[in-house]
Amino acid sequence: MANASGYFRTSLGEDLVLLDTRTQKYSCAIFCALLLFAPFVAKPLFIDIANQVFLTAIGALALMLVTGFAGQISLGHAGLLAAGAFTAGILFKEFAAPIWVTLPASACIGAVLGLIFGLPSLRLRGLYLAVSTLGLHFIVVYVGGEYETRRGFSTGIALDPPSIGGWSLSDGRAWYFVLLAFAAGATLFSINLLRSKTGRAWRALRSNETVAEALGVHVAGHKLLAFVISSTMTSMAGCLFAYYRSFVSVEAFSLFLSIQYVAMVIIGGLGSILGALLGTVFVVLLPYIVEWVTAILPLTASISGLIFAINHTVFGVVMVLFLLFEPRGLVGIWQRLQNYFLLWPFRQTPLPGSR
Amino acid sequence: MDAPETLLSVEKIEVTYHRVVTAVQGVSMTVKRGQIVALLGNNGAGKTTTLRAISGFVGMDDARVSEGSITYKGQRTENRQPHEVTRLGVVLVPERSKVFENLSVAENILAAVPGKKGKSQAAVAYEYFPQLVRLREREAGYLSGGERQMLAIASALVCAPELLLVDELSLGLAPRVVADLIERLQLIRGELGLTIVLVEQNATVALELADYGYVMENGRIVLDGTADRLRSHDDIREFYLGHVQGERRNYRDVKQYRRSRRWYG
Amino acid sequence: MQLAVNIVVLAAIYALISCGYVLIYRVSRVLNLAHGELMLVGAYLLYSTASLLGGSPVTAVAMAAVLGLLVGVLVYVLLMRRMTGEMVLAAVLCTIALGVMLRGATVLIWSAQVRHPMEALGWSNPSLVLIGDARISLISAILIGATAVVYAALFGFLGFTRWGIRMRAAGQNPLLASQRGIQLHGVYALAWGLSTFTAGLAGMLISLDSGLDGTMTMIGLKAFPAALVGGLDSLAGALIGSAIIAIAEVLLIQFVNPLLSDVVPFFVLLVVLVIRPWGLFGSKEELDRV
């Protein structure tokens, strides 16, 4: 971990450890304790928000892996979530499959889709993955819509809560712990993936593909791997989403949802796991904050009908502001804060000629 | 007779790429009106960077002049956009992408924004490079090396330069073609009163043409003087012009090592 | 026969929209994913000018068109200009954000109700009869004409006028263009202005024909594959790409499944991406783009 005061690891063992200083270990322990005790004291609304954050975080981490590290922008995230959700829904309706079948099935579907839609990106650079994933989104949504109309579930597919050995998962608090486990697992997986050979390969190919290839990194393979891993994770998140809401319908997976995920990655800060998490919290909370603000301000009732539009506008404005003024996102702000306190009473002035 | 005025004055500039790589440090140059000044040095010495610093960087280069100043006719021009510098009269003929590959020769010449002085744009270009007239409809990407260089200089002339910066005139060209180009360049200079800064790896060609020269190594200027003085300088003769005194004995006589020892030791 | 008419009309719509994508991409290598939303803004501007100047519909249309151009220039000057030094990725993300912002803003300003600029202008849109019993609405016919005029004008401008050549030059080699005195910001602003002008024109005509509400952005998005199939930096390609996609879409809707309408363009896109990624007429991307 690089910070303003320096980098002090001297052995491989030290290097591999996730938390090294005592401060880090204590703050992590306190944070975990807070997370574990929160649901017993918080209101159901906050538990629901927390659940949403955990669920969304998995998808955001997946997108961060592809966009922030492997440098490929994906606009089809909603399509991948839909794929996972519909897999769960279809398997449940047709075969009454339990969760321990649907979850892996979603993962497989995700991987296959990742393979199919990642393939065009091998021959092309930059924008073309964005474009082909856009295609993915529409095609998946179409297939889902077709299934709905053909099978007569025009309002959507309702799912039973998942049950494991007779105990069914329907309580918000129970979901909290399950989703927390999944989110934590996804985070750890991502962190370790990035510290592995694959992660280093991605960092290389993001900086300069030609040089990476010359150094022996199999660029095409790693790009595809990034996309496949990411889509598998996202698909699983979609499956969990279906169970959490007990409902799957095509309308929930709009292009705006894809854009929201992209925003999480940008606002959080490209190239950082912490960024994905911070971005998720920010984007999930934003509509609630907007709602709260419009409720407080003495505006007429007609405004409340426009809440969707207000959300859109505020969202777009926030994204633009971050892109223009804080390209390193929330993580950039966090690092600047950290540096300020670590270096105090000194201050870091950028070198002349640097921005 | 008045001493010719100083047209361009580069003072202790430092050029930084990507905010971390310093390509050029402490470089100072003076160019007087009517002179031909040569900038010599090997690959990576910083000659092209210096020229580009004078001409201006665009955002995509992620480069800037982080220290020092560049003054042209009394105005500070460092860190300005290339088109502003061009409109002041300082025009660059680049080393690599010097023409618009997918446009025809005629379109290349039309694309250049003409400078303030009198003559109509295309006329200037075709007057000094009549060979381009019959090549008007050909796509620039299909021109030969010599023709491409002619087009590059021609389109630069359209911008009515007072100071012409030429980067690697002879790169990749046969000696006969280079000789033709030099003759043409001297003619243009005489008729239009141009001042020229020439970056060249081929020191023989450069010192033949130039009045004054600067030698760069590793981003700094290590030697400067009139062309005569440089031509007779022992080190230049050995390292750049290829004349060796005595026999070569062992690896210690290798260029790089001896030069480093002599110039930095 | 009606099918053929439908194809031509749809192709004209896609062509008129996709030339905007091509213009901006060709000149500044940026993919403007807010194009659909800019279409929407253009159409809403017509609705506003029509409501304000009910008495003189022609002025309303002209004013809306000019405003469309100004909006494009403003978008460049206020927003996209700061992205010109950055990675293309950042610029594209910026256009996405812009699109989201515009989507919300249009609802806030003009509400989500379906609007009918046609009524506001006081014009009518009769159905004309062509060969056989094929019918085409007046506005659709005008749209086909407008597309033809716009393309002819753009070909002429880019191919033969000095500033058109300079725009192409700036698109090919921005550094050299700048070194030859071409002011890049001006050229980019012009490209954005022209692109938004055509988007506004398309939006206006579509809204005159079938009413105005937020779903128009979907058509904008569907036209994007048309631009890509033809090659994102080729106007001729956009025409041909639009034709191909229109043919595919109309035929598949008619003979297979009407719901396919949204999917077909992207399906064609994927097929083309796999076979010939830089489109039918595009120039191969250089190796270190993005």
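Student: In which order do the four strands of the open sheet in chain B lie, and is the pairing parallel or antiparallel?

Tutor: Strands of a sheet pair through backbone hydrogen bonds, either parallel or antiparallel. In this predicted model, the four strands of chain B follow the order 2-1-4-5, and their pairing is antiparallel. The edges are formed by strand 2 (21-32) and strand 5 (75-76) of chain B, each of which pairs on one side only.

Student: How many bridges join strand 1 and strand 2 of chain B?

Tutor: Strand 1 (residues 6-17) of chain B is paired with strand 2 of chain B over eight bridges, in the antiparallel sense.

Student: Let us turn to helices. At what angle do the axes of helix 2 and helix 3 of chain C cross?

Tutor: A crossing is read from the angle, the approach of the axes and the handedness. Helix 2 (residues 35-52) and helix 3 (residues 57-78) of chain C cross at roughly 145°, and their axes come within 8 Å. The crossing of helix 2 of chain C past helix 3 of chain C is right-handed.

Student: Which residues meet there?

Tutor: From helix 2 of chain C, the residues include Leu38(C), Val41(C), Leu45(C) and Ala50(C); among those of helix 3 of chain C that they meet are Pro57(C), Ala60(C), Leu67(C) and Val71(C). By class, this contact has 12 nonpolar, three polar and no charged residues.

Student: How many residues of chain C and of chain A take part in the contact between these chains?

Tutor: An interface may be read by its residue counts, its contributing elements and its classes. Chain C gives 34 residues and chain A gives 35 residues. On the side of chain C that touches chain A, helix 4 (88-110) and helix 12 (264-275) of chain C each supply at least two residues. Helix 4 of chain C provides the largest share, 16 residues. This side divides into 28 nonpolar, one polar and five charged residues.

Student: Which helix of chain C gives the most to the side that touches chain B?

Tutor: In that contact, 18 residues of chain C meet 23 residues of chain B. Helix 7 of chain C gives the most to this side of chain C, with six residues. The classes here are six nonpolar, eight polar and four charged.

Student: Finally, which residues have the most contacts inside the largest nonpolar core?

Tutor: They are Leu61(A), Leu165(B), Leu198(B) and Ile13(C), in a core of 286 residues. Leaving aside residues up to four places away in sequence, Ile13(C) touches Leu143(C), Ala202(C), Ile206(C) and Ile219(C).

Definitions and conventions: Residues are numbered from 1 along each chain as its sequence is written. Chains are lettered from A and ligands numbered from 1 in the order in which they are written. This is a predicted model: local features need pLDDT of at least 70, side-chain atom pairs count only at pLDDT 80 or more; totals for chains, interfaces and linings use all residues. Two residues are in contact if their C-beta atoms, placed from the backbone, lie within 7 Å. Ala, Val, Leu, Ile, Met, Phe, Trp, Tyr, Cys and Pro count as nonpolar, Asp, Glu, Lys and Arg as charged, and the others, Gly among them, as polar. A nonpolar core is a set of buried Ala, Val, Leu, Ile, Met, Phe, Trp, Tyr and Cys residues joined through C-beta atoms within 7 Å. A residue is buried if 20 or more other C-beta atoms lie within 10 Å of its own, exposed if 12 or fewer, and partly exposed in between; C-beta atoms are placed from the backbone. Axes are lines fitted to C-alpha atoms, for helices over the stretch in contact, and angles run from 0 to 180 degrees between N-to-C directions. A crossing is left-handed if the near helix is turned anticlockwise from the far one by less than a right angle, and right-handed if clockwise. Two strands pair if DSSP finds at least two bridges between them.
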